[in-house]
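Subject: Structure handover, with notes on salt bridges

Hi there,

Here is the structure I promised to pass on to you. My notes on its charged side-chain pairs follow below it.

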Amino acid sequence: MKHVIIQDYGRMLGLTSERLVIRDNEQEKEIPLRRISTITIQKPGISLSSNLLTACARHGIKVFIGHRAEEMCSLHGVAQHAVVQNRIHQFTFLANDQQKYRIARAFVYGKVRNQRATLLYFQKQRCSDAIKHISQQAAEALGQLSEQIRNLGYNERWHSTLLGLEGQAAHTYWQALAKGQWLGDAFHGRVGRGATDAANQALNYGYGILTSVVWNALINAGLEPYLGALHTPRPGKPSLVLDMMEEYRPWVVDRNVIKLRGELSDGLLKPKTRQKLSQSVLATFESPIPYHGKRLRLESALQRQCYRLCGMFADQYKYRPLLFKW
């Protein structure tokens, strides 16, 4: 299944005989709806027809509209709300603070282990001894922090303690990437919304794509995207999407942005680089990985992880984060 990302001004999206039609002044492209999983619009000035939205709902295709890599709108058919029992299990499970601690700890543990894997992945490449030393030190620190997270016991202050350990890991990780210039010489630290350098803009753009793919998987599993364990509930904040994204950020987005570091040295993120990044992130989701004794596309593994999360909410499975091998 294909994720369609529209990132150019002036495009018109329509429907012809069960096919998505993408038009601009110069060309026209058609894609069968049966091959599409999501449509993500990342630019203003795009028009689309009500016939297309109706057909997307009928085919289970989610439509996301974002601005500056932030999701502003999520449209999906009413049939995706049919799995009520999964939501009941989710609400019951997350009402228990000790259960919430279990799943939040798993999300953060997976994120830190995958940050470590990303550093070690690039450490294998040709680089100076100084950069290898920086990466090795950071990887060792992340390994120690991940063990602290895994062995963290439950108490009333577990949430602030967990966020503190996650913050230490993030500082170590981004400082190592900045010192080693893995994200270009203009990158000095992580900046979210409002970033003015190409590396942070690329990271934010990649996280926007990741948001759409994870959101789609959670809806497919019949879960409520606004109720999570680690990120606190707030109106308009998809807490479970943000929770679930954590373990995928380093490998799916950061690693692909690092590969483009030669194009991130000056100015703002260029359209050509943005297009390369979206293609590489989606290609990563198409890549096979080992998963419970099988080889599955990463997106299929993500979907199964969402189903396992349903199983944990129903007290049938234990959720383990997806750890990538370097």
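A salt bridge here is a side-chain nitrogen of Lys or Arg within 4 Å of a carboxyl oxygen of Asp or Glu. By this rule, the count comes to 13 salt bridges. Please keep in mind that this is a predicted model, in which local features need pLDDT of at least 70 and side-chain atom pairs count only at pLDDT 80 or more, while totals for chains, interfaces and linings use all residues. Residues are numbered from 1 along each chain as its sequence is written, and side-chain values use heavy atoms, with hydrogens and water left out.

For accessibility, buried means under 20% relative accessible area, exposed over 50%, and partly exposed in between (1.4 Å probe, protein chains only). Helices (H or I, at least four residues) and strands (E, at least two) are DSSP runs, numbered from the N terminus.

Arg-11 and Asp-8 form a salt bridge at 3.2 Å, N to O. Arg-11 is buried at 17%, and Asp-8 is partly exposed at 37%.

Glu-18 and Arg-58 also meet in a salt bridge, at 3.2 Å. This pair links distant parts of the chain, 40 residues apart: Glu-18 is in the loop between β2 (12–16) and β3 (19–23), and Arg-58 is in helix α1 (residues 50–59). Glu-18 is partly exposed at 37%, whereas Arg-58 is exposed at 54%.

Arg-19 and Glu-30 pair at 2.5 Å, N to O.

Finally, salt bridges that share partners join Lys-111, Glu-166, Glu-246 and Arg-249 into one network.

Best wishes
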